[in-house]
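Hi there,

Here is the structure I promised to pass on to you. Have a look at it first, and then read my notes below.

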Amino acid sequence: MQQRYIIGWVLVLTQMLCIGILVWPVSHWLYGQWTLVPAIIGIVIGLLAVWEMRSSKLRVHPAPAKGAILIASGVYAYVRHPMYTAVLLVTVSGLWGNYNFFRLCVWLLLVAVLVYKLTLEEQMLQQQFAEYQQYQQHTYRLLPWLY
């Protein structure tokens, strides 16, 4: 369990570093509607996810907090990890607004980190919530109708 905890923090720190690289500087988002549309959609999804999570214990670490409850309503009724979806949408806007090969590699690293992180998180959620496997059967991980 200690190893999962440390791995979780390494994933969180890598995720934050990637996000920082991709969203800075903010001015590159002003290049047109195609850079703003995914960002706006991502922000809305993220805010809805945080709103739904208000009755549980919000964390950036993949380990669920003690006393947390399983949220399966709102955006969580469609996607198990809407905050990760939001992060990917916002950061792809940053990538499109100031595209180069390095930033593409950073975004792909972010995708890999989030997929690994959500896999780890789902293992821990299955241990904490008996109903999690049933929840998994009728929701998608990141993208409705795709994944």
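Let me begin with V75: with a relative accessible area of 18%, V75 counts as buried, because the cut-off for buried is under 20%. Please keep in mind that this is a predicted model.

To find V75, look in the loop between helix 2 (33-52) and helix 3 (82-97). Setting aside its neighbours within four places in sequence, V75 is in contact with L48, A49, E52 and P82. C18, on the other hand, is 57 residues from V75 in sequence, and the C-alpha atoms of the two are 25 Å apart in space.

Next, turn to helix 3 and helix 4. Their axes lie 10 Å apart, and the two helices pack at an angle of about 175°. Angles over 145 degrees count as roughly antiparallel, so helix 3 and helix 4 are roughly antiparallel to each other. On the helix 3 side, the residues that meet helix 4 include Y84, V87 and L88. Among their partners in helix 4 are R103, L104 and W107. The residues of this contact between helix 3 and helix 4 divide into eleven nonpolar, two polar and three charged.

Helix 4 has 28 residues (residues 101-128), and at 1.5 Å a residue it should span 40 Å. Its end C-alpha atoms are 40 Å apart, which agrees.

Enjoy exploring!

Best wishes

Notes: Residues are numbered from 1 along each chain as its sequence is written. This is a predicted model: local features need pLDDT of at least 70, side-chain atom pairs count only at pLDDT 80 or more; totals for chains, interfaces and linings use all residues. Side-chain values use heavy atoms; hydrogens and water are left out. Helices (H or I, at least four residues) and strands (E, at least two) are DSSP runs, numbered from the N terminus. The expected span of a helix is 1.5 Å times one less than its number of residues. Buried means under 20% relative accessible area, exposed over 50%, partly exposed in between (1.4 Å probe, protein chains only). Contact means heavy atoms within 4.5 Å. Axes are lines fitted to C-alpha atoms, for helices over the stretch in contact, and angles run from 0 to 180 degrees between N-to-C directions. Angles under 35 degrees count as roughly parallel, over 145 as roughly antiparallel, 65 to 115 as roughly perpendicular and the rest as oblique. Ala, Val, Leu, Ile, Met, Phe, Trp, Tyr, Cys and Pro count as nonpolar, Asp, Glu, Lys and Arg as charged, and the others, Gly among them, as polar.
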